[in-house]
Amino acid sequence: MSPRSPSVNEELRRRSRERLLQAAVELVSERGYDATTLGDIADRAGSARGLVSYYFPGKRQLVQSAVHRLMHRTLEEALEREPRSEDGRERMARAIDAILGLARDRPVLMRQHMAGILQGEGFMQCPEQRRLAELLRDTMARHGSADVDSDYPMMRALLMGAVYAALVPGAPMPVPLLRAELFKRYRLDRKLGLPPETGACGGRGDEDLSRFFATGAAPDCDPRGQSK
């Protein structure tokens, strides 16, 4: 077998990182943040434990990146769902429903994510977060914003506030009510997007997460990861 090419090595590293992200989402959803260790995540991902620190400074950064990845891909899937629409109001409705759907369908994960943001480390930038921000900014622009730089942060704050309100232990607000308030603010018809009464807002928490994470075998490799 000849040595792997640089491109194959890079693809293997990318997929290894995404397996860690997927494992983090799965385990925190199942057990909560405190009961999940970096060793648990590495074991679920089938990775060496030392590899985790190669990609992420610590557990909090890994979990934030994992949740931002899930949010980004959930939003992307909602925006591209057939019948695909370029209408700014429809896309805004789909974005709201996708984020609220995650709060409803993955409450443990999203509650831990919100709690992490409020910790000392706060909100951390990462490639996954930047992709999420790009989609939300584009949604805001297509909705007709004349000042995306001002309107996007407000949209982000409103979505985060709605997720927080839906997840407050002991006093959660109903997702349909939060949806109605957001739709009112952005002048959206309640029939746009994916209304709650259809049975899902976009999170679809009972489904396999693998479609959100590119974790298959690298191209041009045999099952042992060697170049053909």
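S145 is buried in this predicted model. Its relative accessible area is 18%, and the cut-off for a buried residue is under 20%, so S145 falls in the buried class. S145 sits in a loop. That loop runs between helix 7, residues 127–142, and helix 8, residues 148–167.

The surroundings of S145 were examined next. Leaving aside residues up to four places away in sequence, S145 touches M140 and D151. The side chain of S145 makes a polar contact with the side chain of D151, at 2.5 Å. The S145 side chain also reaches a backbone atom, the nitrogen of V148, at 3.3 Å.

Two packed helices are described by the angle between their axes and by the distance between the axes. For helix 7 and helix 8, the angle is about 115° and the axes are 9 Å apart. The pair is therefore roughly perpendicular. Helix 7 passes helix 8 in a right-handed crossing. On the helix 7 side, the contact is made by Q129, A133, L136, R137, T139, M140 and A141. Helix 8 contributes V148, D149, D151, Y152, M155 and L159. By class, the residues of this contact divide into eight nonpolar, two polar and three charged. M140 and D151, both part of this helix contact, are also the residues that S145 touches beyond four places in sequence. V148 belongs to the helix 8 side of the contact, and its backbone nitrogen is reached by the S145 side chain.

Helix 4 spans residues 59–80, and helix 5 spans residues 88–105. Their axes come within 9 Å and cross at roughly 140°. Helix 4 and helix 5 are therefore oblique to each other. Their crossing is right-handed. Helix 4 supplies L70, M71, T74, L75, A78, L79 and E80 to the contact. These residues meet R91, R94, A95, A98, I99 and L102 of helix 5. The contact holds nine nonpolar residues, one polar residue and three charged residues.

Most residues other than glycine have a negative phi, and most peptide bonds are trans. The peptide bond between E82 and P83 is cis, with omega about -5°. P83 lies in the loop between helix 4 and helix 5. R187 is not a glycine, yet its phi is positive, at about 55°. R187 is found in the segment after helix 9, residues 175–185. R187 is exposed, with a relative accessible area of 68%. This value is over 50%, the cut-off for exposure, so R187 belongs to the exposed class.

These local features belong to a helical chain. The protein chain has nine helices and zero strands. Along the sequence, its pattern is α-α-α-α-α-α-α-α-α. The chain has 228 residues, of which 49% count as buried. Among contacts between residues at least 6 apart in sequence, 71% join residues at least 24 apart.

How values were computed
Residues numbered from 1 in each chain as written. Predicted model: local features only at pLDDT ≥ 70, side-chain atom pairs only at ≥ 80, totals over all residues. Heavy atoms only, no water. Helix = DSSP H or I, 4+ residues; strand = E, 2+ residues; numbered from the N terminus. Buried < 20%, exposed > 50% of the residue type's maximum accessible area, 1.4 Å probe, protein only. Contact = heavy atoms within 4.5 Å. Polar contact = N/O pair within 3.5 Å; in protein donor to acceptor, adjacent residues only side chain to side chain. Axes fitted to C-alpha atoms, helices over the stretch in contact; angles between N-to-C directions. Parallel < 35°, antiparallel > 145°, perpendicular 65-115°, else oblique. Left-handed = near helix turned anticlockwise from the far one by under 90°. Nonpolar A, V, L, I, M, F, W, Y, C, P; charged D, E, K, R; others polar.
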